[in-house]
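Please look over the sequence and the model shown here before reading on.

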Amino acid sequence: EKEKEEEKKRLLQERMRAEEEKKRLQAESARREEERARRDLEERDMEETRALMEAAARRGGRRAKIDLPKEGEKIDKVQLRQQAIQEQIRERQELARKLQRLAKSMDHFERAKREEQEGMLLSLH
């Protein structure tokens with residue numbers, strides 16, 4: 001009878017160890033899955049950031065003033081987007097200045113042309 005009791009205890013302990021091992025394996029599996037999902041998210045985030053950097057470099061050409069991170073430095077997407085927006089604003093302002101200079105130059109030419117035509121008309125009469 002004592003042997004039966006010891007056998008029951010042993011079986012109970014074995015069952016408990018098996019359940020503990022099963023729980024540990026499930027927890028480890030969940031942790032690995034969570035880590036995999038986090039890595040996937042980080043990779044996707046890095047891809048988006050890399051795409052933003054490439055797009056900014058293509059748009060800006062040599063004059064782009066996007067600060068690229070140094071080796072091993074974290075890339076801040078928000079900061080990168082702000083830099084890209086600032087670069088777009090600078091480009092638009094530069095284009096507006098060029099347009100104003102061109103309009104001013106055209107006005108000068110038109111005025112000179114009118115004055116010349118006026119002089120020619122006066123000489124005809």
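## Overall make-up

The model is predicted. The protein has two helices and zero strands. Of its 125 residues, 8% are buried.

The accessible surface of the protein is about 12000 Å². Carbon and sulfur atoms account for 52% of that surface. Contacts between residues at least 6 apart in sequence can be sorted by their separation: 57% of them join residues at least 24 apart.

Helix α2 covers residues 77–124 and has 48 residues. From its first C-alpha to its last, α2 reaches 70 Å, which is close to the 70 Å expected at 1.5 Å a residue.

Which residues of α2 are buried? They are K77, L80, Q83, A84 and E87.

A search of the whole structure finds 12 salt bridges. Side chains of opposite charge can pair when their charged atoms come close.

In helix α1 (residues 2–60), R10 and E7 are three residues apart, about one turn of the helix. Their side chains meet in a salt bridge, with 2.4 Å from N to O. R10 also meets E14 in a salt bridge, at 3.0 Å from N to O. E14 and R10 both lie in α1 and are four residues apart, again about one turn of the helix.

Are these residues buried, partly exposed or exposed? R10 has a relative accessibility of 38%, so it counts as partly exposed. E7 is partly exposed because its relative accessible area is 34%. E14, at 42% relative accessibility, is partly exposed as well. Partly exposed here refers to values between the 20% limit for buried and the 50% limit for exposed.

R24 and E21 form a salt bridge through their side chains, at 2.5 Å from N to O. R24 and E21 are three residues apart in helix α1, so about one helical turn separates them.

R24 is partly exposed, with a relative accessible area of 41%, and E21 is partly exposed at 35%. Salt bridges link E21, R24, E28 and R32 in a network.

## A nonpolar surface patch

Which residues make the nonpolar surface patch of about 330 Å²? The patch is made by L99, L102 and M106. M106 has its place in helix α2.

How values were computed. Residues numbered from 1 in each chain as written. Predicted model: local features only at pLDDT ≥ 70, side-chain atom pairs only at ≥ 80, totals over all residues. Heavy atoms only, no water. Patch = residues over 30% accessible without salt bridge, like charges linked within 9 Å, V, L, I, M, F, W, Y side chains within 5 Å. Areas by Shrake-Rupley, 256 points an atom, 1.4 Å probe, with all protein chains shown as cover. Salt bridge = Lys/Arg side-chain N within 4 Å of Asp/Glu carboxyl O. Expected span 1.5 Å × (residues − 1). Buried < 20%, exposed > 50% of the residue type's maximum accessible area, 1.4 Å probe, protein only. Contact = heavy atoms within 4.5 Å.
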